[in-house]
Amino acid sequence: MVCRSHQTIIFLVCAQLTLGCSGLNPRVLNKRDRDSSSDDSKAQSKANGKKANPKGGLRRLTRNQYLNSVRDILGDVSLRTTLDADVPMLFLTNLGASTVTSTPRGVELYGEAARDLAAQGFADKVKAENFIGCKPQQPTGLINDCVDSFIKRIGMLAWRRPLSIEELATIRKVHLIVATDLNDVFKGLEAATAALLTSPYFIYRSEIGSPQTDGTRRLDAYEIAARLSFLLWNSTPDLQLLEAAEQGKLSDSTGIQEQAQRLLSSPRARTALKEFFREWLGFDSLANLGKNSTAYPQFTPTLGSAMQEEFDRVIESLVFTPEKDFTLLLNLQSTFLNAELAKLYDLTVPDGDPKAFTEIELPANSLRGSLLTMGGFLATQAKPDTTAPISRGQYILNRLLCEQVPPPPANVPAIPPDIAGGAHRTQRQRLELHTASRGCAACHIKMDAAGLALEHFDGIGAYRDTDAGLKLDVSGAIDGQSFDGAKQLSISLQYSTRVHACTVRHLYRHALGALDGKANETRIEALRQEFTNSGFQYQKLILALVASESFTTIGDLR
Amino acid sequence: MRFKALDRRKLLRGMVSGSLVSFGLPLLDSMMNNHGTALANDQPLPKRFGLWFWGVGAMPDYWRLSNTGLGWVPSDGLSALQPVKDYVSVISNTRHPAVPVVHYGGQAYLLTGRYNKNGSDQQTNQYGSPGGPSVDQIVAKAWKGKTPIDSLVVGVSSAYQGSCCGLPPTQASWIDNNVPNHHEFSLTGFYKKLFGVASDNLHDALQRRSILDAVRGDLAALQSRVGKADKLRLDAHAQAVRDIEVGIDKLASSQCTPPPAPQDLDILPTKEPLSERNRLFTDMIAVALSCDLTRVFTVQFTGRENDTVFWQVGATQGTHTLSHNGDRASIDKLNQAFKFTMGEFAYLLEKFKNTPDGNSNLLASSCIYATSCVGNPVSHSYDRDLLLMIAGGAQGALKPGIHYRAGFEMSSAVALTALHAVDVKLPAFGSDGMESSRPIGALLNA
């Protein structure tokens, strides 16, 4: 370790930090991960076997997935019950869904929601008959073909697979009890629907598969269908996808890719993927951002929303324009602005509706043109009244380089404010304390360098030449790559293979609900290669992932 | 066991008259012995436990008390507590080991005694989160099964609830490490939970039960196919289903008279009806405790690091934003918001005081632990200037009405004291250098 002679407090304190920041191949260091890669050679020898595959198990539907699914199943219904909160992991709700535990009240509310939603689905007799698809015969007690076919169809949509004979019998029983009690076949079917939606088979997506001779588990066709559909539509599979599963069309990568392409071509994919990018890149809360009105009088909730809209549109154009290079996110030739946001950027939009968004070509010498110069990033990764270079740097490390920065130790004193002895100091001067200690420097040398490169952009993303009259030094280096300012930093990240790999990792975690560890490195690397070879087309990356073994096969059960 | 109805109008009249009116033995009278001092079967009267939380602390100069011991004189900040101050002990000057990040660490430490430095978000943030169950859930677990509902958890202000921007979830109540509790924000949902089952007709009940039967079978079948960690998750789910079934029976047989059903109020972020919502929630909680539907409750008045806009005092910005502004005008607004907040806490205490319980009142039966996530809002201090309170009598276990200025105690001693007052006698509260193993003797009757 680094710590030997200079045992000042701050040194000792910071020395603990080196662990997560010094390695060449920084990864997520958590228990599950260590378990799967405790020993290099062991991990290596098993790399082609079981452990190369992600872990599998149950993933609870996120709130959005729940809502999208019930609408796909029941039609136009509204969720009038608050469900348990999502608990994101590594920024992603879809990853947190693999470990989140339902609260007692949450379980109760799943029941309430199911009964209310089913009641909405059956509220109108005429509509209900349409929905049922046949005329169930009164009197009610009988299980007839109509009742059966309805339960089978709704069950298939809700549970994302056909029901077994026993399961069918259980749901029929619910129908029978209620229909007989109320002498009303519709009430019976409503109760059967509620039972399907209250079941853990609806609330938790199963990615369990069945064991193969090499110790891995292969997901069944329906589990693969659900993986596809939750990845690309954030909802339950449609009947066409379930039929493809039934007909064995998802047994090879060609078949899976065909369905993926079909789903990607629907507008629903745009909504679903946008939500994922918002989570990964931290653009999910801009409307609620609070800023100090004295420091930033021009910041308004509508400006926050405009920042979010800019991001959404940029992402959509990068992902859904054919053959577009996704890494241009860090080197944009154009962006989407309305009048309020254009003003912040010192740009102009054509006259007309000031709220309307227009694609604006950025001049070659523009200061903008990167994720890292977008207002949404700069404003969220800042304090209410000033910039936050450490947060910005940490964002770059965490979200773009997938480098985990361990939390600071408990007894680090706060950095003194930016006024020292009555004289204003720049953020760089304040943060010099970090790099003065070798221990702190292990993490901060990178974080601070990356963050300080963006100091020309204030706490809401407006450009500034100086900080309180002081000249800004925005030069720095990460991993031997030197840069001067936001533009150069962005371009060096655009060409960084680590950023490309990190892009892959986030999709991997989101799609598979599993963490990537050392044992999965070959897979990640192969996907990065394919991504690179495609000219960084994001849809090609998605297609490569769904065609890979990682998508259809799991190692251990969680 | 049969409960008598609580007559809400009588109680309101009692409040209006300003002093505690004896209504005779309410609710639990059929369960009482002849003196109203114990249950008919000589079991002691039930104690109740509450957690009352507000976010963003309070300016120490504004609430600091001038005298210690019994008969503390309210400062301007705590003036709303004047009518109930004999039931409230204020604990100041406790120590608090430094945890790195202010709101998160402070909340984690004060409410759970445990700080998970990696956070619920596992390694992604430097913020950390509560590392175990919060005090209310510790008590709920200890008292599990005694009442139809284990605990009630409500959120009054919905500004900045849940998790945001990669920050850990903000909930005050935690079931365990990584399991933030569900907070009820809907008045109608809460009403339905408390009083809905009893109004179910036979058909509703049959439907509920047949669905739960089906679900129980599904859970068992699924549990046999999953790995270890998933099995634990499904265990928690299955336990909740069993609790619902047991709870339904108990709720259905209770004869608790519901208060008037509330309507959900419009919530504009800059114009939240905080007082109205707080009072409607509080009234329902008082009835639920009084009828023994539950013995544990949590009110998260405002969330950790909340940006609740206290328009009632003329604020146009949220409290967290105001705290970062730090100028005189903002601090004035923060102070007024705090005074308002204490007024809402006082509403609950008065409501309890005016709710008969045995031959005494609900406040005398309760122990309510109240605190925030930081001390000084402007400096965001988390290791000093903390305001902690324990309100109520806990059936004589607490010595209320004291200002206790801690000499050496850590903040966790206060939570431990509250737990001991309701006979949840943990040997220590907290961990990792945050533990206290001695409750504060000055606040407890031997």
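In the predicted model, B:Val88 lies opposite B:Ala391 of strand β13(B). The two residues belong to an antiparallel pairing between strand β3 (residues 88–92) of chain B and β13(B), which extends over four bridges. Strand β13(B) also pairs with strand β12 (residues 366–371) of chain B, again in the antiparallel sense, over three bridges. Here B:Met389 of β13(B) is the bridge partner of B:Ala370. The side chains of strand β13 (residues 388–391) of chain B are divided between two directions: B:Leu388 and B:Ile390 point one way, and B:Met389 and B:Ala391 point the other way. All four of these residues are buried.

Chain A contains 27 helices and 13 strands. Of its 558 residues, 52% count as buried. Among contacts in chain A with a separation of 6 or more, 68% are between residues 24 or more positions apart.

One helix pair in chain A was examined in detail. The axes of helix α24 (residues 497–512) and helix α25 (residues 521–533) of chain A come within 9 Å and cross at roughly 110°. Because angles of 65 to 115 degrees count as roughly perpendicular, α24(A) is roughly perpendicular to α25(A). The crossing of α24(A) past α25(A) is right-handed. On the α24(A) side, the contact is made by A:Thr497, A:His500, A:Ala501, A:Val504, A:Arg505 and A:Tyr508. Helix α25(A) contributes A:Ile524, A:Leu527, A:Arg528, A:Phe531 and A:Thr532. By class, six of the residues in this contact are nonpolar, three are polar and two are charged.

Methods
Residues numbered from 1 in each chain as written. Chains lettered and ligands numbered in written order. Predicted model: local features only at pLDDT ≥ 70, side-chain atom pairs only at ≥ 80, totals over all residues. Axes fitted to C-alpha atoms, helices over the stretch in contact; angles between N-to-C directions. Parallel < 35°, antiparallel > 145°, perpendicular 65-115°, else oblique. Left-handed = near helix turned anticlockwise from the far one by under 90°. Contact = placed C-beta atoms within 7 Å. Nonpolar A, V, L, I, M, F, W, Y, C, P; charged D, E, K, R; others polar. Buried ≥ 20, exposed ≤ 12 C-beta atoms within 10 Å, placed from the backbone. Pairing = 2+ DSSP bridges.
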